[in-house]
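The paragraphs below walk through a structure from its annotated regions to the packing of its helices and the contact between its chains. Please keep the sequence and the model in view while reading.

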Amino acid sequence: MRNRIRAERETRGWTQLALAERLAVSRQTVNAIETGKYDPSLPLAFRLAAVFQTRIEDLFHPDH
Amino acid sequence: MPSQTGDMTSELDSTAETAREQNLRRRYRTRITMASIIYVVVLAPVTFWGGLGGHSAWRFLFALLPVLPAAWMAAIIIARFRELDEYQVRLAFPGIASALVSAMLASVTIGFLGITGLNLPGVGWIVFVAGMGTWWLVSQLTGAAKQF
C-alpha cells in the first residue's frame with residue numbers, strides 16, 4: 001500500500017513527532033507507516049484522515 | 001530538500017519519542033526495576049536462610065515467596081504490552097511467539113527425556129531460560145526491545 005502521509009505532513013511543516021502526538025501513537029509507528037513498512041489499521045487510518053482533514057482513499061492507494 | 005538518512009525521511013524527522021511514550025516507558029522501567037529489587041530482596045534470605053533443603057513444612061512457603069514479586073513483574077510486563085500501539089504490538093509479536101515456541105519445545109524435550117528416566121536438575125529453569133532468552137534475542141533482532 002502506498003500512502004501520502006509524509007507529503008501531507010511535510011506540507012503542514014509537522015515533524016513525525018508532532019504527527020505522532022496528534023494520533024496518540026509512537027513516532028516509530030508514524031515512521032513505519034510513512035516508509036511503507038506498516039499499513040495502519042482502519043481506525044488509525046480514519047484518525048490519519050481526520051488529522052489531515054481528508055478522506056482515507058486520498059491518503060492510501062493500492063500498489064497495483 | 002528532503003534528506004534520506006536510514007529510516008529518516010526528511011529534515012522534519014527525528015528519533016525522538018512523544019512525551020506520552022517517554023512517560024510510559026519511564027514508568028515501566030521504574031516499576032520493573034522496583035519489582036526486580038524486591039525479587040532479589042526476597043530471594044536472598046529465602047535462598048540462604050529459608051532451609052529449602054530441610055524438612056520443615058515452612059520450606060514450601062519460603063520457596064514460593066519469590067513467586068510473588070515475579071508475578072508482579074509479569075503483571076508489569078503485561079501492562080506494558082497493553083500500552084503499546086498497534087505497530088509496536090506487531091513488532092513485539094515475533095519475540096513473544098518465538099519465546100512461547102522455545103519454552104514449549106524445551107518443556108516437551110525435557111518431558112520426553114523424563115520418560116526415559118533422565119531427570120535433569122532444575123528443569124523449570126531450563127524452560128524459563130529458553131523462553132526469556134528467546135524473547136530477549138528475537139526482540140533485539142526485531143528492534144522491539146527498545147519499547148521496554
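Predicted model: local features only at pLDDT ≥ 70, side-chain atom pairs only at ≥ 80, totals over all residues.

**From annotation to helix packing**

An unreviewed UniProt entry places the annotation "domain: HTH cro/C1-type" on residues 5-59 of chain A.

Residues 32-52 of chain B are 86% helix and 0% strand, with 27 Å between the end C-alpha atoms, while residues 91-116 of chain B are 96% helix and 0% strand, with end C-alpha atoms 40 Å apart.

The domain assignment divides chain B into domain 1, residues 18-83, and domain 2, residues 86-148. The centres of domain 1 of chain B and domain 2 of chain B, taken over C-alpha atoms, are separated by 19 Å.

How are the helices α4(B) and α5(B) arranged relative to each other? In general, a pair of packed helices is described by the angle between the axes and by the distance between them. Here the axes of helix α4 (residues 86-115) of chain B and helix α5 (residues 123-142) of chain B come within 8 Å and cross at roughly 155°. Because angles over 145 degrees count as roughly antiparallel, α4(B) and α5(B) are therefore roughly antiparallel to each other. The crossing in which α4(B) passes α5(B) is right-handed.

The residues through which these helices meet include, in α4(B), B:Leu91, B:Gly95, B:Ala99, B:Ala103 and B:Ile110, and, in α5(B), B:Val123, B:Ala130, B:Gly131, B:Trp135 and B:Val138. By residue class, the contact of α4(B) with α5(B) is made up of 13 nonpolar and 8 polar residues, with no charged residues.

On the chain B side 15 residues are in contact with 20 residues of chain A. Helix α4 of chain B supplies 4 residues, the largest share of the side of chain B that touches chain A. That side of chain B divides into 3 nonpolar, 5 polar and 7 charged residues, whereas the contact of α4(B) with α5(B) has no charged residues.

Conventions:
Residues numbered from 1 in each chain as written. Chains lettered and ligands numbered in written order. Domains from an automatic or database assignment. Contact = placed C-beta atoms within 7 Å. Helix = DSSP H or I, 4+ residues; strand = E, 2+ residues; numbered from the N terminus. Nonpolar A, V, L, I, M, F, W, Y, C, P; charged D, E, K, R; others polar. Axes fitted to C-alpha atoms, helices over the stretch in contact; angles between N-to-C directions. Parallel < 35°, antiparallel > 145°, perpendicular 65-115°, else oblique. Left-handed = near helix turned anticlockwise from the far one by under 90°. UniProt positions renumbered as here; feature names shortened; annotations may be inferred.
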